[in-house]
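Morning, everyone. Please have the model open and follow along.

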Amino acid sequence: MCGIVAYIGPKDATPFLLEGLARLEYRGYDSAGVAVAGRTGGIKVRKVKGRVADLAADIPARFKGATGIGHTRWATHGVPSDANAHPHLDNAERIAVVHNGIVENADELRVRLAADGAVFRSETDTEVLAHLVAAHATEGVELEEAVRAALAKVVGTYGIAVLDAERPDRIVVARNGSPIVLGIGEKEMFVASDVSALVRYTRQVVHLEDGELATVRADGFRTFTEDARTTHRQPSTVDWEIDSYDTGGYEHFLLKEIHEQPGSVERTLSGRLDERFATAHLGGLNLDARELREIRRVKILGCGSAYYAGEMGAQLIEELARIPAHSEPASEFRYRNPVIEADTLYIAVSQSGETYDTLAAVQEAKRKGGRVLGVVNTVGSAIARECDGGIYLHAGPEISVASTKAFTSTVVAFALLALHFGRIHDLSPADGRRIVSALKALPGQIREVLAQSDEIARLAAEYADSTGMMFIGRVRGYPVAREGAQKLKEISYVHAEAYPASELKHGPLALISPELPTVALVPDDELLDKNLTTLGEIKARSGRVLAVAHRRPEARLADHCILVPRSEPELDPLLLNIPLQLLAYHAAVALKRDVDKPRNLAKSVTVE
Ligand code: F6R
């Protein structure tokens, strides 16, 4: 999704802008641009359809300025083109704006501005902002006042950075629904929509709140609200390692992040297992045992893989704590006038903490008096700040568009929550100990699965040229199948369908043929016999079967098998999922896909 960077300080802004934009490439984009304001006056702009490298190649040596803004665009209004790329300028070329989000009343504003003489040079909603700020930046009006007055006329979501040729001593930024982070340096300041763009330059950051603006100068910043009240913000320290932002010798971020999982799971568990009481210690819930006992239902909200991780979480909570739990796409929940109950606990799941649909679902639940916890990876993100408490994953930054280590850590966090809930209710100390030791064993067991990467690569190459794939699992295996299908389709573009194994005979069995192989989750649990019967039904229709199992099924039931170590039955889905990540990765590589930047997708979806 779109990315913003900005710099103000004693140095030339361009190298930081280009490097910052390159750091944001992983979020997905189709064009890029920069604008700088120099001491000699005027704004210089370069923007191109294509990659940041194309932009860098287009920038002449004399393109210099101590204040600058930059952008990677992911098209929403208008095709990817040089003209539609940001920054956008007003007609006098005094004001330059970069913008993430959507101006919903852009058409209406465009008509009014055109009537006053503005000439539009792009199809974007963002250009409206440049003309609107310029219209308010009249004699004697400070830039921040002009931006504030302009935003008062805007309906929609935005993270923006505004540059003024006449005031190159400042950049004005604002946030409403799309993240803006200030980075504090030594007599220089950075701005980005994502800390990964500025973490090489500073670890001291301030995340703007929705409805907040800031004037950023080389020697500091001032934050204030849309109605001009000053706010007081303390910087926080980014504690993620800088090398998390490099591929570290792996061919892709995705492969690196898959292999990081033993470590990221260890971090999610770190300090949270209480062996004495066979439970989990979760300091951030902000709910004591008495309050937790009053909860009658759990509703989990997330999008995409976060929603599937929530499905695994719901099963863990029901199994270990016997509290009814259900996961729902946040993108649906927010639009259906949901019934919010006082004794339901709402849990929002998000790696980025910035997914707009999930944030809107949290706000809707809270507006109606719901109590909302977050299971979030990014510290200080919008969703984390909006929730009443929660669990941070500590999985480290996830750069690849496809979520892997954050997915696994989310399920581990739910296992901790379910254990905690369970031990407050009726989960016995013996069962608590069973889960605690299974959780401790997970990192080593994940390593065992990862050691099969070469073998899985061979299988992936064999299955990758299929026109489609079916993923099936029963009960605990079904969310694993859904996530496996999602991973395959998003990075390899092979069509994949997930079905409960039990539903196959109620319709989709009609699809089974040698051309449509099935990936079947076959844990050695109480449903093993049922799963083996389903495999027999597929084989009877000449379907190919790749089983992911604890025990190799008979050769007549599966063509190939990937074995995973056994955990406790409740935690088996975590390990069954890891080979499916590798399968998707290696299939995408075999098909020569750009695995870290899959087509049409963005890392964090900050628009509706
Ligand atoms: C899948 C994937 C997406 C995200 C979804 C939610 O691999 O990356 O489906 O899981 O967009 O993102 P977060 O977790 O950042 O809210």
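A backbone N or O atom of S403 sits 2.9 Å from one of the ligand's oxygen atoms. I call that a polar contact, meaning a pair of N or O atoms within 3.5 Å; within protein, one must be able to donate a hydrogen and the other to accept it, and residues adjacent in sequence count only if both atoms are side-chain atoms.

A quick word on the source. This is a predicted model: local features need pLDDT of at least 70, side-chain atom pairs count only at pLDDT 80 or more, and totals for chains, interfaces and linings use all residues. Residues are numbered from 1 along each chain as its sequence is written, and side-chain values use heavy atoms, with hydrogens and water left out.

Back to the ligand. K487 places a polar side-chain atom 2.8 Å from a ligand oxygen. For S305, a backbone N or O atom is 3.2 Å from an oxygen atom of the ligand. How many residues surround the ligand? There are 14, and the closest are S350, Q351, S352, T355 and E490. Near here means that a heavy atom of the residue lies within 4 Å.

Now the helices. Helices are DSSP runs of H or I, at least four residues; strands are runs of E, at least two; both are numbered from the N terminus. Axes are lines fitted to C-alpha atoms, for helices over the stretch in contact, and angles run from 0 to 180 degrees between N-to-C directions. The cut-offs: under 35 degrees is roughly parallel, over 145 roughly antiparallel, 65 to 115 roughly perpendicular, and the rest oblique.

The α9 and α16 crossing is left-handed. That is, the near helix is turned anticlockwise from the far one by less than a right angle; clockwise would be right-handed. Who touches whom? On α9, the residues include S305, Y308 and E311; on α16, they include R482, K487 and E490. Contact means heavy atoms within 4.5 Å. By class, this contact has 5 nonpolar, 3 polar and 5 charged residues. Ala, Val, Leu, Ile, Met, Phe, Trp, Tyr, Cys and Pro count as nonpolar, Asp, Glu, Lys and Arg as charged, and the others, Gly among them, as polar.

Next, α9 against α13, residues 405-424. Their axes come within 8 Å, crossing at roughly 20°. The two helices are therefore roughly parallel. This crossing is right-handed. S305 and Y308 of α9 take part here too, and the α13 side includes F407, F414 and F421. The classes: 15 nonpolar, 5 polar and no charged residues.

One more pair. Helix α3, residues 106-115, and helix α4, residues 126-136, have axes that come within 10 Å and cross at roughly 45°. That makes α3 oblique to α4. A106, L109, R110 and L113 of α3 meet V128, H131 and L132 of α4.

Last, two backbone details. H86 and P87 are joined by a cis peptide bond, with omega about 0°. P87 is in the loop between β4 and β5. N286 is not a glycine, yet its phi is positive, about 60°. Find N286 in the loop between β17 and α8.
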